[in-house]
Amino acid sequence: MLWQMLSAARDLGRAQDIATILIRYGFGSFVRVLGMGQALEKAGRVLRWQHVEEYVRLDTPQRIRRVLEDLGPTYIKLGQIMATRVDVFPPAYIAEFEKLQDQAPPIPFEELLPQIEEDIGGGIDEAFAYVDRQPLAAASIAQVHKALLKDGTPVILKVRRPGLRKIIEADLRLLQRIVDIAESEEPELRRFHPRNILRQFNQSLRRELDLASEGRNSEQVALNLSNDPNIRIPKVYWQWTCERLNVQEYIEGIPGRDLESLERDGLDRKLLADRGAKAVMQMIMEDGFFHADPHPGNVFYLRDNKLAFIDFGMIGRLTEERREQVVSLLYGMVNHAPARVVEILEDWSDNPTVDEQALTVEIEAFVDQYSSLAVKDLSLTDMMTDLMALLRDHNLILPADLALLIKAYITLDGLGRHLNPEFNTLVFAAPYLQEIMMDRYRPEAITRRGWRNLVSFADMVSNLPKDMRKLLHASRKGSFQVDINIKHFDYYVNKNDNAMSRLTMGIITAALIIGSSIITTIERGPYIFGIQAFAFLGFICATLGFFWVLVSIWQSNHRR
């Protein structure tokens, strides 16, 4: 299993750590499925398969969160990505994943200094008048230090931890192998779509490792919001920013969670909520490039009731077509159009076996429930939570960009209510939805879509002769083939292979019993315990084969 699949000795120690932590929190059966328990015991590791009393009191979501915390930075990041998948995990799991704080012990500045000077191409004193050796914050990817430029401008240095990429690459290799084995051996895990989550995590983590990418994200958002004087985005100093170092403007303001300071400084909480929501709505609805985690920890409140957004490591992107689909979905939910809602959800999902009739009935009930309420009485968080529960019941999984969007909406709703308990995201979004629906059916918009479709159709027609020529050429050469991909086919092949192995061993065992019985009638040769020697050996082999079949059947039933 996993032990045999490890391709490099450097991954073995990490695999042992993972297995030990899983066992500690009561996931010993999963370690057995991975095939690591026996290997660890052979390696001399002492394993306690029983639950420790402290961990028995924890429910499954709590234990999974604790496992991720103990496994370290890569897995904490994985948990944060899982927290965005409200379409996959029930609310109890999401609530636990959201508790994962990306914090880590700080690295002494002296260990960071050689890397910083290598990245800026000279001594640190040549670029900065002052650098605070004590970090403002330390996370798993990077830590932040305050500094002053030569002209006295306050900035922050966001420095990636040295040697981090190699560690993360090893963890990603192990995660990929664990997912492959888990999907093969534990079919019930497939409903959580671990491959899709791991793919999203892989992409997100690699982007986050590139601190220059975060700088590009913040500049794009700053450009998009340049017409809003109430929003401030930190300036990036590109002469020193690279993959491992991000130098950006220092924001002096009230942290988003410090409501007492807001009251003390006389800032208008309702106005701040409206201005923050307006900026996020523009990012989502108009720009299609948005901060995917606008929680209070990523916001600062400034004088004159302005806001600053920071930390653009997690960014969502929406195409124009996707934005139109989102608007249609929300419009269908609040205007009693269940057929349209079902159509969009099926387009988004990759599950071809969904029961459309049952889904339609439940969507109709869902739409009836919410369309009967006035917009001011609707709760976006409640509505999205109910919709995600419905999707999970029908095993419908959203694309990653939409999962980030829904997470951003729910986070925005929480941020608004944090500032103003009467804040309602749907009320605030209603004018945007109405304007986009109006724009969609204006003559120029219809003309633009029609022209785009006509160009696509013309391209298809113009390429048709070439495509037909390729098809006929492949047919004449005998290289024409059709690939058929049957979902979970490998799993059923493995199950059938195991069943055939047991059947074969059963036949061999029966043959040994019959053959040995015949040999016992022969009066020549040596005897063991009064039984002809060859017959005795045959019975021993048959007994071993019998117990092998029993153990194999028990393991197969135990894994279901």
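A: With the start of a helix. This is a predicted model. At the start of α15, a side-chain oxygen of D268 comes to within 3.1 Å of the backbone nitrogen of K270.

Q: How far apart are the end C-alpha atoms of α15, and what span should its 19 residues have?
A: The expected span is 1.5 Å times one less than the number of residues. Helix α15 covers residues 269–287, so its 19 residues should span 27 Å. Its end C-alpha atoms lie 26 Å apart, which agrees.

Q: Which residues of α15 are buried?
A: Buried means under 20% relative accessible area. In α15 the buried residues are L272, A273, G276, A277, A279, V280, M281, Q282, M283, I284 and M285.

Q: Now the strands. Is β3 mostly covered or mostly open?
A: Mostly covered. Six of the eight residues in β3 (residues 142–149) are buried.

Q: In which sense do β3 and β4 pair, and over how many bridges?
A: They run antiparallel, with seven bridges between β3 and β4 (residues 154–160).

Q: How does β2 pair with β3?
A: In the antiparallel sense, over two bridges; β2 is residues 137–138. A138 stands opposite Q143 in β3. A hairpin of three residues joins β2 to β3.

Q: And how many bridges link β1 to β3?
A: Three, again antiparallel, with β1 at residues 128–131. Y130 has L148 of β3 as its bridge partner.

How values were computed: Residues are numbered from 1 along each chain as its sequence is written. This is a predicted model: local features need pLDDT of at least 70, side-chain atom pairs count only at pLDDT 80 or more; totals for chains, interfaces and linings use all residues. Side-chain values use heavy atoms; hydrogens and water are left out. Buried means under 20% relative accessible area, exposed over 50%, partly exposed in between (1.4 Å probe, protein chains only). Helices (H or I, at least four residues) and strands (E, at least two) are DSSP runs, numbered from the N terminus. Two strands pair if DSSP finds at least two bridges between them. A polar contact is a pair of N or O atoms within 3.5 Å; within protein, one must be able to donate a hydrogen and the other to accept it, and residues adjacent in sequence count only if both atoms are side-chain atoms.
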